Amino acid sequence: MTIEQEFPDLTQWPVLQGALAYWGQTLLILVLLGLGVASFRDIIIRFQDTLSSRGFMAAMVGLPIAILGGILGTVRSLAVGLLEIVALPLGIRRVWAIARLAIQESIRRRVLYVLLLFLVPFLFAGWYLPKAEEGQLLYLVGFTNTTIGWLLLPMVLFVVGMSIPNDLKSRTIQTVVTKPIRRIEFIVGRVLGFMIVFTIVILVMGGVSLAYIYYQVSDQVLRDQWTARVPVYAKVEDPNSSPFYFIKQGVAGLAGTNVGREWNYRSHIEGDTPDEVRWFFTFNPKQFAGVDRTKVGMTFDVFKTTKGNPTRDEDESSGVWASLDFIDLQNPQNKFDRAFRVNNNRLTEITIPTSVLSSGQVLVRAQCVTRNQYIGMAKHDLFLLAREQSFEWNFIKGLITLWLKMLFLTSVAVSASTVLNGFVTVIFTIGAYVVGLVHNFLMEVAGGKILGGGPIESLVRLVTQMNQQADIEQGFIRSVINIFDPILTRFLAAVGAVVPDLSTIETAEYVASGFDIPSWLMMRNALLVVGYVIPVIIVGYFLFRGRETAA
Amino acid sequence: MGAGEVVVEARNLTKIYRDFWGRKKVEALRSLSMTVERGEIFGLLGPNGSGKTTTIKLLLGLLFPTSGDALVLGKGADDVNKFEKIGYLPEESYLYKFLSAEETLEFYGRLFNMSRAERRRRSAALIEQVGLNHARKRLVKEYSKGMARRIGLAQALINDPEVVFLDEPTSGLDPIGTREMKDLILDLRAKGKTIVMCSHLLADVQDVCDRVAILHQGELKEYGRVSDLLEIQDLTEVRARGLSDSAKERIREIIAGDGATLESMGHPSTTLEDLFLRIVRESQAHPGRRYLPERSSEKADPASVSDQR
Amino acid sequence: MNKARRRKVQYLVSMVVLFTLMIWVGRSLDTMQRRLQISQESLGRVNPVSGTAQLVLGGFRGVAVTLLWHQAQDLQKQGRFFEIEPIVKSITLLQPHFYSPWEFQSWNFAFNIAAEWEGVRDKYYWIEKGIDFMKAATETNRSKSDLEWYVGYMYFTRFGQSDEKRYLRELFRNDEDLDFVQSQSGVKDNYLVAYDWFTRANGTVLSQNIPPKRMAPHPFLCRPALSRSYYAETLADEGSFGPRIGEGWQLAYRDWVQFGLLGGKDRSKDLLFRLEYSPSEMEALTPEEKHWRYHYNRMVKYDHWKIRCQTEALPELQSAREAIFQANKARESGAYAKSLEFFEKGLPLWRGVMEKTEEYREDMLFKEDCQLMEDDYLRLLAHVGRSTPVRRPFDGLVPPLRDSLASQVQKSADEIKDLVKGQLEGAEPPKAPSPDTPAP
């Protein structure tokens, strides 16, 4: 299990407070921006009206009045809107009425038949199942998550995206909005109703998946991997120091030797030298109390500069060896060390006496023993195993991530469908989703970090099969690129700024590798999506309020 | 009814449809001003596309006026609270087809924040009233047009509204249904409700409406009490049964002796229809002008010449 | 009404015409596929999953494969080797008739990923994975000689030629997975399994009469004979003497001759140039034919292998080899007297063979073997303080090792001198002698 990106621990109140404050600021800016845009539109319309009815002079004279009127009108409208949003809890019965309607619609329109469709891929899944124990769980969890995700996606898009446009088209909306229902209640009700349906669908699909996985995997997997480890990672209280560093030729640093691996997640130390890696652990020792021995898990990379000793596995002298020292920082006499053969890129568990951990402050030093070979390590490559959660509960936590994705899609689709027609809504939502998934790449393109230049330059290179490094000659094409690529990359940057990075909320890998999804990640994901969905719904509400519901 | 409380008011109501670029496309309603008083049945008349449905939709906030105000119970377009006391039956019953009659009323009841007991009571009473008791569990999509119309009416009345807007209430109904609808409308008035309806079926309007506004091409052409509008002072209509030929001859003579002319004798035509057709013809001949009938007693009304530019 | 009816009739007629056309086109495509052997069934085993997956993805198959390929590459970069296999499997299910993914990934497993491990058992695991993958490729792509050849080649090289071959071959012998390790002759040996696959590939090439794509016909087709030869040689190297070795060499000889008789003399028409001729036939060859005979013979060392097989099949040479093997073993364990005893038993036998086979004696490798053996013996004598015999064991047959080493050193020094001189004078350096095709 590799953790490439760490997020602040939002389960801590001060961190959460900061995040919420930042979110509030952003929301305020959004409101002001919306105010500006809406006023501008209003002013233009007022100006145009006078222009067409009374002529240019009158329009120019009336311009200040138009501006004032526009701003005042918009502010008033905004104030009314905000009041309605605040008053949302009062209309909970109406919200529930709309939610119920969405549920009834889903059921009566046979949307739940998708559950049957869901069973079809399971007929084939067993064909691909890897024989090796190692890949099974990973494959199955990946498979079920992907299947649920990809089956729900079209369901969300078409059921949700088409819903309000259908109401408008069949004019049923006219009998609804002429009741004392606020538009915000209407939108929230829709989102709520659909999410209830999707929750049921996800739960059913998840349950079937879990049972399927359980009966597919071999007994050995059930014995060894059917778990969710809760690791304690290296940590220090002082935010200015690192809990993990290398000592290379007597100098401490955040990286060891670069052996030239493409993936620079791990850094290496050379064997049979004084170079070492240190992890500092600060933790509550109570979580290890009550047992004599505690498991320590690790995943190290092996980089070989010689072929090594080609003898048998059983031969103690073969393989790359590492030594680990556990030292109690409160009482340096209390220590434990052990040498072991490094299992290349695979999780290895050893046990240490729990007494070493008694003070809650432990230093772990690792060295490579084998001459001419290197081992690579990263901060999260070594952990103390605090306890193990049940795999099932972890699986459900994984489903929550999926649920959050669906919430994102549903909100975007509902909000978009207040102004767009059904088909355009579907396209728009797919677009937002895809941008969310390839967010990283998009921002790299926008930031000019990708070889081959911006969109047009890349297209030219693609079509002419030109090398990414080669210069494009001065001339017409070069000028076109120079003019339009900056505009397009800026546009991409803007799009990227509006859509959240959905690739970072992925948690299936934790489940598959048998690691408990950390609470800070769950919290961060939930806040990311909910914090995004709220403004999306508010924007949808204002758009909907500004929309005539009859042709 | 006279100078009753004004419950619905349109002030210089104008609706212009724009295209994507904000350019004028259609002027659906031009400077309409009118009032409806509490307890009356008000009819909006006009041929298709005259702006009567637009007026209702503006009053209900389904459309936003380009200029002017549309007030119901003194409240403007973006005040949702007014809907507590409004009922609306759209042109066709736009209902959720996947709900049954009971569920439909249940749903709309919830929108009025009604308690469960009240919802039950109201919906049971209304289903009974519109005569759908036998089909209360059936889905709306299985309903005939007349049944759908009735459940539509029931949802309009779920909140026991003060003002009821009816868009073509009798369209799609058979003669018996039409009669029942008219009776119901009169019944509502008897209960003190205000009704605003629009229709192009003149006979219906004539039967039930207290006052009408006649629209053509987005302009108000005639406005007033139905009895006043249709009363032609210098015209006398004679109706009798079992009149002999000699008696008829004598009547002719009397009329001739009085210096008057006998224009016709026989079954009278629907005079609102006459009026309506005249207005339309006149309006097409002189677009943009208020219809001025050859009447001696022109009543002063608030909407008289407001659109003369 | 009439118009509408006419339109309906028009639609009907065009539907019938189009359907007829479609059926006709479909039929002709079908027969064309059959003729060119490019229909799904004639390409190889049809996998229902593969078919379904292809159908579901439709035009997005290529996109999906590209994404999967990237994913596999990323996983490999991250060292997550065990997760690659399912992805690669999906790729081959989506595009079962593209060779490159099969080839690339099976080599990737058997060579690149296997090399990331130190332990022999781990290496063995990945080699097996790579070979199984290539085998799956041959099932999905019927009658593709290249793929069949590669299976044989991986058995041959990966187990038989690597540094860890001794351990790998032992694991191979003890492997319980008979599908993987057992040859058709019933023996669990990588060279013999390789022999089966090479033979199968040869059969494909010969029956189709199309030269293999990736390689010249001679080195391709000589592989079964080569596998048998290596089998016999390796047995002797490992010290498992017995009648199997002699039989192995005899069979290898038969295979070589069989290989030599393939093809003909017309290079424009025949699949490969024939190498085996009777003396009279050899005489009758035109100079150009002689040139090609020489060329191709050198390419696969045909004559060398033939002589070698014949010679090594002699029982006295095998006895000699066994004695020398025992001698070396005893010498390594310090039992010098016993070692000398074995040497003195083996060397005369060896000499006897050398005297009998003049041709083989001139073979470079054999010569070197002899020199090394002789040198070991002589040094051991000196070590235990015994006097060297008056006559060297191989006196008159091969020069002593020291002499040839000295002459080689001298030769290299001369070459360097020439090179330096040439560069100093600014002249073209002497052309390096064209490297011999290394013995396969």
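The model is predicted: local features are given only where pLDDT is at least 70 and side-chain atom pairs count only at pLDDT 80 or more, while totals for chains, interfaces and linings use all residues. Residues are numbered from 1 along each chain as its sequence is written, and chains are lettered from A and ligands numbered from 1 in the order in which they are written.

Figure 1. Chain A contains 16 helices and 13 strands, where helices (H or I, at least four residues) and strands (E, at least two) are DSSP runs numbered from the N terminus. The C-alpha trace of chain A spans about 95 × 60 × 50 Å along its principal axes. Of its 551 residues, 35% are buried; a residue is buried if 20 or more other C-beta atoms lie within 10 Å of its own, exposed if 12 or fewer, and partly exposed in between, with C-beta atoms placed from the backbone. Chain B has 9 helices and 9 strands, and 41% of its 309 residues are buried. Two residues are in contact if their C-beta atoms, placed from the backbone, lie within 7 Å. Among contacts with a separation of 6 or more, residues 24 or more positions apart account for 80% in chain A and for 71% in chain B.

**Figure 2. Packing of helices α10 and α11 in chain A.** Helix α10(A), residues 391–417, packs against helix α11(A), residues 422–437, at an angle of about 140°, and their axes are 9 Å apart. Axes are lines fitted to C-alpha atoms, for helices over the stretch in contact, and angles run from 0 to 180 degrees between N-to-C directions. The crossing of α10(A) and α11(A) is right-handed, a crossing being right-handed if the near helix is turned clockwise from the far one by less than a right angle, and left-handed if anticlockwise. On α10(A) the contact is made by L409(A), V412(A), A413(A), A416(A) and S417(A). On α11(A) the contact residues are G422(A), T425(A), F428(A), T429(A), A432(A) and Y433(A). By class, this contact has 7 nonpolar, 4 polar and no charged residues; Ala, Val, Leu, Ile, Met, Phe, Trp, Tyr, Cys and Pro count as nonpolar, Asp, Glu, Lys and Arg as charged, and the others, Gly among them, as polar.

**Figure 3. An open sheet in chain A.** The 3 strands are arranged in the order β4-β12-β7 of chain A, with antiparallel pairing; two strands pair if DSSP finds at least two bridges between them. The edge strands β4 (267–270) and β7 (301–304) of chain A each pair on one side only. From one strand to the next, the twist averages 30°. Strand β12(A), residues 373–377, is joined to β4(A) by 4 bridges, and G376(A) in β12(A) is the bridge partner of H268(A).

**Figure 4. The hairpin of β8 and β9 in chain B.** Strand β8(B), residues 211–216, pairs with β9(B) in the antiparallel sense over 6 bridges. H216(B) stands opposite E219(B) in β9(B). The hairpin has 2 residues between the strands, and Q217(B) takes a positive phi near 50°. Strand β9(B), residues 219–225, is largely enclosed by the rest of the structure, because 5 of its 7 residues are buried.

**Figure 5. Nonpolar cores.** In soluble globular proteins, nonpolar side chains tend to be buried together. A nonpolar core is a set of buried Ala, Val, Leu, Ile, Met, Phe, Trp, Tyr and Cys residues joined through C-beta atoms within 7 Å. The largest core holds 153 residues, of which V156(A), I151(B) and F165(B) touch the most other members. Helix α6(A), residues 133–170, gives this core its largest share, 15 residues. Leaving aside neighbours within four places in sequence, F165(B) is in contact with I56(B), L59(B), L60(B), I86(B), Y88(B) and V196(B). A second, separate core of 70 residues includes V88(C), I127(C), F156(C) and C222(C).

**Figure 6. The interface of chains A and B.** Among the 2 pairs of chains that touch, chains A and B have the most contacts. Here 27 residues of chain B are in contact with 28 residues of chain A. On the side of chain B that touches chain A, α1 (52–60), β5 (86–89) and α2 (101–111) of chain B each supply at least two residues; α2(B) gives the most, with 4 residues. This side of chain B has 18 nonpolar, 4 polar and 5 charged residues.
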